[in-house]
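Please look through the sequence and the coordinates below before reading on.

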Amino acid sequence: MNDIDDLKELVRFMATSLVDDPDDVEVEAVDGDDATVIELTVAETDLGKVIGKDGRTARAMRALLSATSARMRKRAVLDILE
């Protein structure tokens with residue numbers, strides 16, 4: 001497994017732990033110019049669980065992803081798609 005796959009698995013693990021329908025969790029990686037964008041898609045009914053109250057859950061997921069990618073000497077950002 002490479003670093004990008006590890007980051008995708010981290011996001012998948014966090015998301016499936018939060019949602020009611022883990023089978024609808026999809027994670028894709030898109031290479032950008034200066035960072036890798038990790039795109040997370042969940043069921044419409046689970047969107048609120050992933051974002052959290054005032055965006056706290058999403059902010060925490062982004063912080064974990066940022067810290068993990070920094071240790072790998074990479075830059076990754078999380079994009080939650082509707």
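In which helix is S69 found? S69 is found in helix α3, where helices (H or I, at least four residues) and strands (E, at least two) are DSSP runs numbered from the N terminus. The model is a predicted one, in which local features need pLDDT of at least 70 and side-chain atom pairs count only at pLDDT 80 or more, while totals for chains, interfaces and linings use all residues. Residues are numbered from 1 along each chain as its sequence is written, and side-chain values use heavy atoms, with hydrogens and water left out.

Helix α3 takes in 16 residues, 56–71, and at 1.5 Å a residue it should span 22 Å, the expected span being 1.5 Å times one less than the number of residues; its end C-alpha atoms are 23 Å apart, which agrees. The buried residues of α3 are A58, M61, L65 and S69, where buried means under 20% relative accessible area, exposed over 50%, and partly exposed in between, with a 1.4 Å probe and protein chains only. Seen down the axis of α3, these buried residues fall within an arc of 65 degrees, so they line one face of the helix; the arc is that of the directions from the helix axis to the C-beta atoms. On the other side of α3, R56, R59 and R71 are exposed. After α3 comes R73, whose phi is positive, near 60 degrees.

What covers the buried residues of α3 includes α1 (3–18), β2 (36–41), α2 (47–51) and β3 (76–81). For S69, the relative accessible area is 2%, and it is therefore buried; leaving aside neighbours within four places in sequence, S69 is in contact (heavy atoms within 4.5 Å) with L7, K74, R75 and A76.

Because its relative accessibility is 2%, D46 counts as buried, and, apart from neighbours within four places in sequence, D46 is in contact with V19, D20 and D21.
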